[in-house]
Amino acid sequence: MDYTAFRRVSREVSVGGVIVGGAAPVSVQTMTSKPAGDLDGTIAQINEAANAGCDIVRVAIPSLKDVAYFEEVCKVSEIPVVGDIHFDARIAIAALEAGASKIRINPGNMGNWDAIYRVLDSAKNRGIPIRIGVNGGSVKHKNKSDNRVLEDAVVEEALGYAQRFEEYGFYDIVISAKISDALSTIRVNRKIAARCNYPLHIGVTEAGVEEDAIIKSAVGIGGLLADGIGDTIRLSFTGEPIREVIAGKKLLKAAGIIREGVEIISCPTCGRCRIGDMPELVREVRKKLASIKKSVKVAVMGCEVNGPGEAEEADIGLAGCGSGVMLFAKGKSLGTFQRGEALQKLLEIIERL
Ligand code: SF4
């Protein structure tokens, strides 16, 4: 089913021209990890992320003296840049003046509300949205060992800040409420989604490394997307930002939100497998079809006995057989070829689809 059919209705904000919320596509974000001041390293990470499909990038601004570096990043970046600021309202205002497309703050650590209102004035004058970012670690509530109590504290704190922004007349708000536990993240965002119409930035914070991070994020973010909740996502990995972007795009594809591009399904193999190295073949197919933009489902199956039938829903597929690789479409054989030839024919057929 089309995501828009059951998606939560939210307000729209513009982040440097990328619309977040409303009927806009769910955007993918990442955050640079180079030290503040490393302009070349930061720009290289942004370029890589943008080439992988990143829509919005966030950059930390730890101190006032780092604002000059942030300004350069904003000038050079090909995608909108969000300034990430903690503790000091003066940095937030300077970041807005330096060209931030959005800022992310946690009002709970920004000092007094007079200082926060000056940030809101500056953002409002420029038409720049603010993300209210609350997470389980930063929430003021004392009892952090009880998950349910912590979740409610995160919800109330995030909505409480949004309410104060509203009372001051500021509405260009994005809310993020993150917890390092995937199911808590789902429960918290469901509650927030039910009580306001602000666009939600969703993600599981401190998700970890490699498979741990991917699986945790897929459960937390995927669970919310399945409810129609989520306007922009970030998968938080320990590692290079580009990996977050690639995983984010794949997550949106798996959730049926991104439809264009090749979806590869492959069997786990078993004792009937007639292709020696299945993981290698799947990698070859993925590489061969990397430039295809149209929506097509391709199966890579280990044997011709069960493969075509098991993968009947695929538009086209490959299956191992004694004499090479069988090409099939909708469960029917299109002939048997040597591996290289089969890959080339696969590409040609998909281009003609
Ligand atoms: Fe086993 Fe063939 Fe099924 Fe793959 S397609 S799991 S090799 S029976």
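The charged end of Arg164 sits over the ring of Trp113, 4.2 Å from the ring's centre. A charge sits over a ring when NZ of Lys or CZ of Arg is within 6 Å of the ring centre and within 35 degrees of the ring normal.

A word on the source: this is a predicted model, where local features need pLDDT of at least 70, side-chain atom pairs count only at pLDDT 80 or more, and totals for chains, interfaces and linings use all residues. Residues are numbered from 1 along each chain as its sequence is written, and side-chain values use heavy atoms, without hydrogens and water.

Now the rings. A pair of aromatic rings is described by the distance of the centres and the angle of the planes. Rings of Phe, Tyr and Trp (its six-membered ring) pair if their centres lie within 6.5 Å; planes under 30 degrees apart are stacked, over 60 edge-to-face, and the rest tilted. By this rule there are five aromatic pairs. Trp113 and Phe165 have ring centres 6.2 Å apart and planes at 80°, so they are edge-to-face. Trp113 is in helix α5 (residues 113–126) and Phe165 in helix α6 (residues 147–167), 52 residues apart; helices here are DSSP runs of H or I, at least four residues.

Trp113 and Phe165 are both buried, meaning under 20% relative accessible area, with over 50% exposed and partly exposed in between (1.4 Å probe, protein chains only). Phe165 also pairs with Phe170: centres 6.0 Å apart, planes at 85°, so again edge-to-face. Phe170 counts as buried at 2% relative accessibility.

Finally, ring pairs link Trp113, Tyr117, Tyr161, Phe165, Tyr168 and Phe170 into a cluster.

Terms used: Helix = DSSP H or I, 4+ residues; strand = E, 2+ residues; numbered from the N terminus.
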